[in-house]
Amino acid sequence: MSKTVIIGGGVNGASIAYNLAKLGESVTLIERGYITDGATGKCGGGIRTQFTTEETCRIALESSKLFDSLAEELACDIELRKGGYLILAHSDKELEEFKENVRMQNSIGVPSRILTVKEIEAFGVEPYDAVGASFCKMDGVANPFKVSFGYRDRAKELGADIRTHEEVRKISYNGGFEILTDKNNYGADFVVNAAGYESKKIADMLGVSLPIEPYKHEIFATEAMDHFLDPMLMSFSKNFYISQTVRGELVGGYSPLEAEPTEDLTPTLSFAIRAKKLFEEHLPQIKSLRLLRQWAGAYDMTPDALPILGPAGYERFIQANGFSGHGFMLSPFVGRAIASMITGSERYRDLVSSFSFERFKRGVKREKGVVG
Amino acid sequence: MKDDRRIYEHPVLKFERGKRLSFYLDGKPMEGYENETIAAALHANGIKTLGFSPKLKRPRGFFCGIGKCSSCLMRVDGYPNERTCILPLKEGMKVEVQEGRGRAEIRGRERKGKVERRSTDFLIVGSGPAGLSAAAEATNMGFKTLLVDENPSVGGQLIKQTHRFFGSEREYAGTRGIDIPARLLGECAEKLLEIEKQASVFGFYPEGIAIEKRDRIELVEAKKVIVTTGAQENYLLFENNDLPGVYGAGGVQTLMNVYGVLPGKKALMIGSGNVGLIVAYQLLQAGVEVEALVEIMDHIGGYQVHAAKLLRQGVPILLNHTIIRALGDECVEGAVIKDIKSGEEQTLALDLICVAVGLSPSIQLLKQAGCRSAYIPELGGEVVLHDENYKTDAGIFVSGDGSAIEEASSAMIEGRIAAISAALELGEIEGAVEKRRELREELRSLRSCRRGEKILKGEEKLLEVYNER
Ligand SMILES: Cc1cc2nc3c(=O)[nH]c(=O)nc-3n(C[C@H](O)[C@H](O)[C@H](O)COP(=O)(O)OP(=O)(O)OC[C@H]3O[C@@H](n4cnc5c(N)ncnc54)[C@H](O)[C@@H]3O)c2cc1C
Ligand SMILES: Cc1cc2nc3c(=O)[nH]c(=O)nc-3n(C[C@H](O)[C@H](O)[C@H](O)COP(=O)(O)OP(=O)(O)OC[C@H]3O[C@@H](n4cnc5c(N)ncnc54)[C@H](O)[C@@H]3O)c2cc1C
């Protein structure tokens, strides 16, 4: 029996398993499919610090710094490339908001700045209808598969028990937790719920109701080209992001602003066609590129689009979910914070306090910069 | 001196080349013919290196000849990553050897902005023997049929098979492979058949079935879909296996039998299945010397008659032998083969290594559509599951090499069974059930030989997994 059972083998479950094992804790991770089978394997790999709320900026900053040394820590190439995030403002009003965000971001140490139209062009990006942008050189992209597999491999070496192709079916609490899967029975002191958008179903097993809903997001990758695009290009008002990976592919996504929750993740042709059109306005090179693959995944959305980190319903039923479009970039931080919580350390208490389950009782307002 | 690799005399084939065209390779003028692919024209001019790999800068050349392997990517008229093995040559084309991944440029491919829609009763993907036979049945039962193939010509693998076929008469035994497509087309009710060449079916979407053409995308609404996408060649692991001059047997056939271009002067064939045996013989017919055929097993895999033809020509068939290394810097200059029993190695000087180590069903499209699959070695590897009417659990029908690696004769029968079964779901058809019963009987008798046993065992396994759920 392990002290902690983690449900879900996405990048967050894997990061938590690694960080617990590193602290000498006994831990079992249970994943229904393979590691990265959920949103992690569908994601765009973006890492950014430019958020609109201070609390999110703080944890994103912490996480972004951890990414800088992650390849060394995990002893694997994570294909990290920090070319910055360039977020387009399409109206003067939006640009004013960006200026305010940048002031707040700078005040806590995020080195973001405002770009003029000319400066946007200097990045090889067509401004089209943009009137300015905000940019932070600390931001970038990495490979979600390599990061997750790195966490998994090191966790295993440190003694973590990683179980794939095994589904959690039932959980009960009687002083300790009992977890029933399609193959085994486990006991645990702590259960970590890192099941992505299905975290709601896991919590339901214990009678805890999480305010999480799945939203479909589509994404594509083009053929690999010589490097030409440094920053991750993003737009809140057009709801898109696109970057070039170290392997040369352009990976981009766009989602209609008004969508309903759904678990139907079927890719559509209309997405591919509309997304390509949209990107052509700012990156005319896209016109001559072939889309090689497209797929869809789900964001696990909470009412304020911010994660739930910490206990819910039971003192030792720990949530690491509700990441919307940012669970990959936050994962190095999440692993540390949750592991420290389980081992009774105070280190990250203040940073995670804004992300408690309790906040929904008080009422919340929505983080604006959701996409990518 | 000009390095002309074209075949002018052939015992079976007459090459009617189209108009003479001029084009440029890295600015240097070259000559080719209309109806030839870029890769074939370059090969005819003695050009084997088509690009260099992005990381290690290894030379890259031709391999599959049917647009599946991405080894032949070049820059054409400014566009990188063009599959030159299936792209037809045009007057004045500017072809460039591609180093690495290629530059993205600010210029548009000419595509119509709008996606066009069309509808049909039957959509058949792939125009090999299975697809053509399905089209013949569907149109004769009165259904409007759209037949789509990504290659420039109709016929799938048949267009390069110069030998006379085995099997039953109804499946055109005794006829040369190259002559079968026209016979099957002749069987179709012409008015109901529409054919789209150089068009790839790339996805089953909620909006419809998507087809990519050179200049646009089309969405098809079809009552019934039959996928007969055939197979792709297996690869073999050995040192320097990526050198230009190491070609798939299918690719070699395409070069010499379709385009009349010599794939090399001296060859080593790897694999003694029917494909290896037949292609080795075809190499001889085209005027290529075949130094040896190596086979790692202790017996010949294909039919004895095919092997006998080779032995009569003095080609050594070396059993318990394999290739361990290709030699050469820019392209193949030799091969090291090894006797796996004695460990003895031998170096051969040659410029062509032909890999004929089996085929795997092309099931990507069906997987995208959501079909379940299973690994069944008897059927050629990973295959999609289907019932006895060749219906997959996505409701799409499958047949031919795309469902299991077998042969053209069985592909034809399966294509017919699939078409009849699909049609019966749309309503009663006089005589159809009876015809399907007869076809099943024919398939059984075709499989009553030694090779058939393997397929029957595989089919049994497949139905078992299919019914598991
Ligand atoms: C199209 C797209 C683009 C994105 N782009 C970015 C980006 O650029 N940057 C960024 O930071 N984030 C991005 N995201 C978000 C990011 O992918 C997720 O927030 C993140 O991967 C979540 O990781 P996770 O480990 O929390 O959950 P997941 O990766 O979803 O893992 C949850 C796992 O739980 C398993 N599971 C569920 N139920 C059970 C059960 N009963 N038993 C056992 N296992 C179970 C699932 O199989 C799954 O593998 C994107 C998401 C999408 C969909
Ligand atoms: C050297 C050799 C000798 C042979 N000799 C014999 C023999 O003597 N007797 C015999 O019975 N059999 C023989 N065969 C086997 C026979 O050729 C094959 O079994 C048969 O061609 C399979 O038919 P098919 O219709 O399933 O596929 P194929 O003939 O492979 O046709 C598939 C077609 O689908 C197209 N396609 C694939 N994907 C797409 C897509 N996404 N969109 C559009 N089009 C697509 C391809 O371009 C191709 O044209 C031989 C094979 C070889 C290689």
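Okay, let's start with a cysteine: the sulfur of B:Cys85 sits 3.9 Å from the closest cysteine sulfur, the one in B:Cys72, and that is too far for a bond. The cut-off here is that a disulfide needs a pair of cysteine sulfur atoms within 2.5 Å. Searching the whole structure turns up 0 disulfides over all chains.

Before I go on, the housekeeping. This is a predicted model, where local features need pLDDT of at least 70, side-chain atom pairs count only at pLDDT 80 or more, and totals for chains, interfaces and linings use all residues. Residues are numbered from 1 along each chain as its sequence is written, chains are lettered from A and ligands numbered from 1 in the order in which they are written, and side-chain values use heavy atoms, with hydrogens and water left out.

Back to B:Cys85: it counts as buried, at 4% relative accessibility. For us, buried means under 20% relative accessible area, exposed means over 50%, and partly exposed is in between, with a 1.4 Å probe and protein chains only. B:Cys188 is buried too, at 9%.

Now, a helix in chain B. Helices are DSSP runs of H or I with at least four residues, strands are runs of E with at least two, and both are numbered from the N terminus. Helix α2 of chain B covers residues 129-140, and its end C-alpha atoms are 16 Å apart, which agrees with the 16 Å its 12 residues should span. That expected span is 1.5 Å times one less than the number of residues. How many of the 12 residues in α2(B) are buried? It's 11, including B:Pro129, B:Leu132 and B:Glu137. Just after α2(B), B:Gly142 has a positive phi of about 95 degrees.

B:Ala130, one of those buried α2(B) residues, also meets a ligand: one of its backbone N or O atoms lies 2.9 Å from an oxygen atom of ligand 2. That's a polar contact, meaning N or O atoms within 3.5 Å; within protein, one must be able to donate a hydrogen and the other to accept it, and residues adjacent in sequence count only if both atoms are side-chain atoms. Ligand 2 has 32 residues around it, and among those that come nearest are B:Asn151 and B:Asp401; "around" means a heavy atom within 4 Å. The side chain of B:Asn151 puts an N or O atom 2.7 Å from a ligand 2 oxygen, and B:Asp401 uses a backbone atom at 2.8 Å.

Over in chain A, ligand 1 is surrounded by 40 residues, with A:Gly46 among the closest. A polar backbone atom of A:Gly46 is 2.8 Å from a ligand 1 oxygen, and for A:Gly327 that distance is 2.9 Å.

Last topic, the rings. Phe, Tyr and Trp rings (six-membered ring for Trp) pair if their centres lie within 6.5 Å; planes under 30 degrees apart are stacked, over 60 edge-to-face, and the rest tilted. That gives 19 aromatic pairs over all chains. The A:Phe145 and A:Phe149 rings have centres 6.3 Å apart and planes at 50 degrees, so that pair is tilted. Those two are 4 residues apart in helix α6 of chain A, about one helical turn. A:Phe149 is partly exposed, at 28%.

For A:Phe240 and A:Phe279, the centres are 4.9 Å apart and the planes at 70 degrees, so this one is edge-to-face. A:Phe240 is in strand β15 and A:Phe279 in helix α8, so the pair ties together parts 39 residues apart in sequence. Both A:Phe240 and A:Phe279 are buried.
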